[in-house]
Each structure stands twice: as structure tokens, then as C-alpha cells.
Amino acid sequence: MPVRRTSPIALLAAALAAAGLVSAAPGPGEQSRDGQNRRVRIHNQTGAALLGLRAADVRAGVFGPDLLGGTPVAAGASVPVTIDDGGGGCLYDLRAELAGGHGLVRENINVCRIADYYLTR
């Protein structure tokens, strides 16, 4: 019976995984696995319909997909959203698209520490 050898790389990867030093990172669309609550109720107090809302982890600076899923939020209304790109960050920039072609950017919002965010002009 032939003896099967395990490569040194495979042994190292197994040892690191067993020690908890490596893990599978969340993929696109997955949520962070750190136990932080990133669900925030967005209150639209701009006086105009909120047509789109995108978030960017401040570490990456890349805005993700529309958090509203294409459903506008009327002036004075609110909507719950989860602001989490799976990277484990808490600080996000928000970019809002309003009716009438107006836009707003709000920076450094700690979505792990708030439950409500009041979007104003």
C-alpha cells in the first residue's frame, strides 16, 4: 500500500485553522460575524422623497448597492436597513439620492452604535 504524503502548505493551513488564526471571510452579500448590530432605521427628514441610499465602509470608500432595493421612502417616513458589507467595519459613509436630483453625503457614521439615523438636508 503506497504511503501518501501531505504537503507542508496543507499542514500549515490545517494548523492555522485549528488554532483559529484563519477563517473564511464573508463573501459578497454576507453579514459580518462579529455580533455587532448594524440594523439602522433611516428617518427621511429631508422634505423630499429618498430614492436611493448607498453605504461605503470608510476603509474602502466604495459605495455598495442601493440599500432601499429601489423602493422610495417618502418625506417624513422611515425604513430599516442593514448597513453591512461583510467586512466587519462599523464606520460608513452614506450617499442619499433625493427626488429633484439632489444628493447628500454623510460621513463617518458608526452603524454599530446607533439604532436610528435622521437624514436631514
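In which sense do strand E1 (residues 39–44) and E6 pair, and over how many bridges? The pairing of E1 with E6 is parallel and runs over four bridges, where strands (E, at least two residues) are DSSP runs numbered from the N terminus, as helices are (H or I, at least four), and two strands count as paired if DSSP finds at least two bridges between them.

This is a predicted model, in which local features need pLDDT of at least 70 and side-chain atom pairs count only at pLDDT 80 or more, while totals for chains, interfaces and linings use all residues. Residues are numbered from 1 along each chain as its sequence is written, and side-chain values use heavy atoms, with hydrogens and water left out.

**The sheet**

E1 belongs to an open sheet of three strands, ordered E3-E1-E6, with mixed pairing. Strand E3 (78–82) and strand E6 (116–119) are the edge strands, each having a single partner strand, so one side of each lacks a neighbour in the sheet. On average, neighbouring strands of this sheet are turned by 30 degrees against each other, direction ignored, with axes taken as lines fitted to C-alpha atoms (for helices over the stretch in contact) and angles running from 0 to 180 degrees between N-to-C directions. Towards E3, strand E1 pairs in the antiparallel sense over five bridges. The table gives residue partners across the sheet.

| Residue | Partner | Strand of partner |
|---|---|---|
| Ile42 | Tyr117 | E6 |
| Arg41 | Pro80 | E3 |

Arg41 also stands opposite Asp116 in E6.

**Asn44 in strand E1**

Asn44 lies in strand E1 and is buried, with a relative accessible area of 1%; here buried means under 20%, exposed over 50% and partly exposed in between, with a 1.4 Å probe and protein chains only. Its side chain makes a polar contact of 2.6 Å with the side chain of Thr46, a polar contact being a pair of N or O atoms within 3.5 Å in which, within protein, one must be able to donate a hydrogen and the other to accept it, and for which residues adjacent in sequence count only if both atoms are side-chain atoms. Leaving out residues up to four places away in sequence, Asn44 touches, among others, Leu50, Val73, Gly76 and Leu119, contact meaning heavy atoms within 4.5 Å.

Apart from neighbours within four places in sequence, Ile83 is in contact with Arg38, Val40, Ala55, Leu67, Tyr92, Leu94 and Val111.

**The disulfide**

The structure holds one disulfide, defined as a pair of cysteine sulfur atoms within 2.5 Å, and this bond joins Cys90 to Cys112 with an S to S distance of 2.0 Å. Cys90 is in the loop between E3 and E4 and Cys112 in the loop between E5 and E6, 22 residues apart. The torsion about the S-S bond of Cys90 and Cys112 is about -80 degrees, so the disulfide is left-handed. Cys112 is buried, with a relative accessible area of 11%.
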